[in-house]
Amino acid sequence: MNAKRIAFRVHGTVQGVGYRDFTQKCATSHGLTGWCRNTTCGRVEGEVQGDDETIKKLFQQLDQGPRMAHVVKIEQKLMDTKGDEDHFAVMRTMESRFPSDS
């Protein structure tokens with residue numbers, strides 16, 4: 001597998017609607033690793049790792065989100081892969097550390 005890692009930040013109505021659990025369920029069903037969390041600025045961000053086609057499928061699902069979500073846009077940035085992950089985790093809410101300041 002030619003793995004890649006993508007950092008992502010989701011804008012819209014994505015907190016309080018089950019978006020993180022939805023993300024974890026979808027990523028896990030595709031065999032992807034990484035994490036996601038709410039940010040204090042009202043977004044969901046995370047990192048996902050796996051093969052290109054599977055990550056594309058995940059982002060198609062994330063663009064729709066769970067029923068009560070309304071996704072406006074998803075930012076993505078290529079990252080270095082990590083070799084020490086074996087699952088996709090939901091993390092605690094924090095300040096955004098997304099590698100962009102918009």
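**Exercise 1. Which residues does Arg20 touch, not counting residues up to four places away in sequence?**

Step 1. Contact here means heavy atoms within 4.5 Å. By that rule, Arg20 touches Cys36, Arg37, Asn38, Val44, Val90 and Met91, with residues up to four places away in sequence not counted.

Step 2. A word on what you are looking at: this is a predicted model, in which local features need pLDDT of at least 70 and side-chain atom pairs count only at pLDDT 80 or more, while totals for chains, interfaces and linings use all residues. Residues are numbered from 1 along each chain as its sequence is written, and side-chain values use heavy atoms, with hydrogens and water left out.

Step 3. Now place the residue. Arg20 sits in helix H1 (residues 19-29); helices (H or I, at least four residues) and strands (E, at least two) are DSSP runs, numbered from the N terminus. Its relative accessibility is 25%, so Arg20 counts as partly exposed. The classes are buried (under 20% relative accessible area), exposed (over 50%) and partly exposed in between, using a 1.4 Å probe and protein chains only.

**Exercise 2. Which residues does the UniProt annotation "active site" cover, and where is Asn38 found?**

Step 1. According to the UniProt record, an unreviewed entry, the "active site" annotation covers Arg20 and Asn38. The two are spread over 19 residues of sequence yet cluster in space, with a largest C-alpha distance of 7.5 Å. Keep in mind that UniProt positions are given in the numbering used here, feature names are shortened, and annotations may be inferred rather than shown by experiment.

Step 2. Asn38 belongs to strand E2 (residues 33-38). With 9% relative accessibility, Asn38 counts as buried.

Step 3. Leaving out residues up to four places away in sequence, Asn38 touches Val14, Gln15, Arg20, Arg43, Val44, Arg92, Thr93 and Met94.

**Exercise 3. How many salt bridges does a search of the whole structure find?**

Step 1. Side chains of opposite charge can pair when their charged atoms come close. The criterion is a side-chain nitrogen of Lys or Arg within 4 Å of a carboxyl oxygen of Asp or Glu. The search finds eight salt bridges.

Step 2. One of them pairs Lys4 with Asp52, whose closest N and O atoms are 2.5 Å apart. Lys4 lies in strand E1 (residues 3-13) and Asp52 in helix H2 (residues 52-64), so this pair ties together parts 48 residues apart in sequence. Lys4 is partly exposed at 25% relative accessible area, and Asp52 is partly exposed at 27%.

Step 3. Another joins Arg9 and Glu75, with 3.0 Å between the closest N and O atoms. This pair links distant parts of the chain, 66 residues apart: Arg9 is in strand E1 and Glu75 in strand E4 (residues 70-79). Arg9 is buried at 2%, and Glu75 is buried at 14%.

**Exercise 4. Which side chains does Glu47 meet, in a salt bridge and in a polar contact?**

Step 1. Glu47 is in strand E3 and is buried, with a relative accessible area of 11%.

Step 2. The side chains of Lys82 and Glu47 meet in a salt bridge (3.8 Å, N to O). Lys82 lies in the loop between E4 and strand E5 (88-90) and Glu47 in strand E3 (residues 44-51), so the pair ties together parts 35 residues apart in sequence.

Step 3. The Glu47 side chain also makes a polar contact with the side chain of Arg5 (2.7 Å). A polar contact is a pair of N or O atoms within 3.5 Å; within protein, one must be able to donate a hydrogen and the other to accept it, and residues adjacent in sequence count only if both atoms are side-chain atoms.

**Exercise 5. Which residues of H2 are buried, and which are exposed?**

Step 1. Thr54, Ile55, Leu58, Phe59 and Leu62 are buried in H2. They cover an arc of only 140° around the axis, which puts them on the same side of H2; the arc is that of the directions from the helix axis to the C-beta atoms.

Step 2. Gln60 and Gln64 are exposed on the other side of H2. The buried residues of H2 pack against E1, H1, E3 and E4.

Step 3. Finally, look at the ends. At the start of H2, a side-chain oxygen of Asp51 reaches to within 3.3 Å of the backbone nitrogen of Glu53. Just after H2, Gly65 takes a positive phi of about 70°.
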